Amino acid sequence: MSPEVRGGVVVPRGADTVLRNLRITPVGQSGVVCLRECGVHLEDIVVAGASGGGVGVGFSASLTARTLVVRDTDAGPGGTFGRGFSVDSGSTAEVRRAFFDRNTEVGVACFGSRLVLEDAYIRETRAQPFDDDFGRGLSVEQVGASAEARRVVIERNLDIGIFVNEDAALVAEDVVVRDTLPQTATGISGRGIAVQSRCSLELRRALLERNLEIGLYCGGEAATVDVEDLVVRDTLPRLSDGRGGRALEFEIGCGGSVTRGLFVNSRGGGVMAFESPGL
């Protein structure tokens, strides 16, 4: 398959494309872009040094991947985006055995789509140069977004390790989120997991370690978090002003449950709940 000048180095067409044993090193464009009628399977693929995005799936397309590496993706024109992996606009993706390293803005993004992510490592996502914002590990956002994450390590990302927002739902099992760093521009945040209004998180067997400000945060009307077998340890105050350092915080309408939790050495306190229907 010859690369296209516009969109990406590889832009599959049709519903049954298979790519195997490739190293894609684009210059000034995205790596693999799968749109609309596209259905593609990636196996043993490395995308290194893309611009704008590493692997993108959009507009009701579908992708499966096994043994995928996406690293060193830079922002696009204007200094925005640069996501390692993105599935959006009603698409579906199943990714197993993957490594996302030093990408920009978001390591793995699911916007209004369906994502299954298993046996993955997301680390050191960088802020987008336009405003020194973001740098998150895994984001699940927008109406219709639904994700499952199993056996995933999220390490040394910026702002928030896992972010669930805008009517999205995430089920996560056997997850480690650690060493989240603050926003580049402001020095605030560094939260392990954050869940916002009208979203839901089901979390089982998780370790949140050495994050900043809050290990697990839930806030907003109709947001829910249900957790089993959770360890939160060594949560640190945020670097900008020394505030925070709590293991869990539920506020402003968020509800949920925690079954079998261990909270160790959180510098600002263990559990805080206010204006919450119950925890």
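This is a predicted model: local features need pLDDT of at least 70, side-chain atom pairs count only at pLDDT 80 or more; totals for chains, interfaces and linings use all residues.
Accessible areas come from the Shrake-Rupley method with a 1.4 Å probe; for residues, only the protein chains shown count as cover.

Figure 1. Numbering starts from 1 along each chain as its sequence is written, and side-chain values use heavy atoms, leaving out hydrogens and water. The accessible surface of the chain is about 11,200 Å². Carbon and sulfur atoms hold 49% of that surface. Of the 279 residues, 54% are buried (under 20% relative accessible area, 1.4 Å probe, protein chains only).

**Figure 2. The chain as a whole.** The chain has 0 helices and 21 strands (DSSP runs: H or I of at least four residues for helices, E of at least two for strands, numbered from the N terminus). Its C-alpha trace spans about 55 × 30 × 25 Å along the principal axes.

**Figure 3. The open sheet.** Ten strands line up in the order E2-E4-E6-E8-E10-E12-E14-E16-E18-E20, with parallel pairing (two strands pair if DSSP finds at least two bridges between them). Strand E2 (17-24) and strand E20 (255-264) are the edges, and each pairs on one side only.

**Figure 4. A close-up of E4 and E6.** Strand E4 (residues 39-48) pairs with strand E6 (residues 62-71) in the parallel sense. How many bridges join E4 and E6? They pair over 9 bridges. Val40 stands opposite Leu63 in E6.

Note on methods
Buried means under 20% relative accessible area, exposed over 50%, partly exposed in between (1.4 Å probe, protein chains only).
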